[in-house]
Amino acid sequence: IDVRMPALADTGNTELERRLNDEIRAKIDAIVAQAEEEQKNELEAYLATGGKWSDYEPLILDVDYEVKCSSEQYLSFVITA
C-alpha cells in the first residue's frame with residue numbers, strides 16, 4: 001500500500017485546516033480499509049480453492065491525488081486509488 005495524502009496548510013485558519021485534513025484522512029483510511037478487507041477475502045478464497053500461499057500475488061494499492069485548481073479562494077483536487 002502506497003499512500004500520498006494531500007493536506008491543507010498555512011491558510012491562516014487552523015480550524016478549517018484541521019477539519020478538512022481530518023476529513024481527507026478519514027476518506028483515505030476508508031479506501032485503505034476496504035482494500036485490506038478485499039485482500040483478506042480474496043486470499044481466503046484463493047487458499048480455500050487450492051491456491052498455494054507461495055503463489056499468491058497480493059493486492060497493490062496506490063492512493064494519490066492531483067490538484068486541479070489552487071488559488072487564494074479555491075482548492076480543488078482529485079484522489080485516485
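Guide: A pocket is an open set of points on a 1 Å grid over the protein atoms alone, where a 1.4 Å probe fits, with protein on both sides within 12 Å along at least five of seven lines; lining residues have an atom within 4 Å of a point. Points join across faces, edges and corners, and volume is the space filled by probe spheres set on them. This is a predicted model, so local features need pLDDT of at least 70 and side-chain atom pairs pLDDT 80 or more, while totals for chains, interfaces and linings use all residues. Residues are numbered from 1 along each chain, and side-chain values use heavy atoms, without hydrogens or water.

The largest pocket has a volume of about 410 Å³. Its lining holds 20 residues. Closest to the centre are Leu8, Leu20, Tyr74, Leu75 and Phe77. By class, the lining splits into 12 nonpolar, 5 polar and 3 charged residues. (Charged is Asp, Glu, Lys and Arg; nonpolar is Ala, Val, Leu, Ile, Met, Phe, Trp, Tyr, Cys and Pro; the others, Gly among them, are polar.)

Which elements build the lining of the largest pocket? Helix α1 (14–48), β2 and β3 each supply at least two residues. The largest share comes from α1, with 6 residues. (Helices, H or I of at least four residues, and strands, E of at least two, are DSSP runs numbered from the N terminus.)

Take the strands next. Three of them, 3 strands in the order β1-β2-β3, form an open sheet with mixed pairing. (Pairing needs at least two DSSP bridges.) β1 (2–3) and β3 are the edge strands, each pairing on one side only. β1 and β2 run parallel, joined by 2 bridges. There, valine 3 has valine 63 of β2 as its bridge partner. β2 (residues 62–70) and β3 (residues 75–80) pair in the antiparallel sense, over 6 bridges. Together β2 and β3 form a hairpin, with 4 residues between them. Valine 67 is bridged to phenylalanine 77 in β3. Phe77 is also one of the residues closest to the pocket centre.

Now the helix. Glutamate 17 lies in α1. Glutamate 17 counts as buried because its relative accessibility is 12%. (Buried is under 20% relative accessible area, exposed over 50%, partly exposed in between, with a 1.4 Å probe and protein chains only.) Beyond residues up to four places away in sequence, glutamate 17 touches Leu8, Ala9, Asp10, Thr11 and Gly12. (Contact means heavy atoms within 4.5 Å.) Glutamate 17 and serine 76 are 59 residues apart along the chain, and their C-alpha atoms are separated by 14 Å.

Aspartate 10 sits in the loop between β1 and α1. Aspartate 10 is exposed, at 78% relative accessible area. Its phi is positive, about 60°, although it is not a glycine.

Further along α1 comes glutamine 39. Glutamine 39 is buried, at 17%. Neighbours within four places aside, glutamine 39 contacts Tyr56, Pro58 and Leu59.

Finally, the largest nonpolar core. It has 6 residues: Ile24, Ile28, Val32, Ala35, Leu61 and Val63. α1 gives the most, 4 residues. (A nonpolar core joins buried Ala, Val, Leu, Ile, Met, Phe, Trp, Tyr and Cys through side-chain atoms within 4.5 Å.) Isoleucine 28 touches Val3, Met5, Pro6, Val63 and Ile79, leaving out residues up to four places away in sequence.
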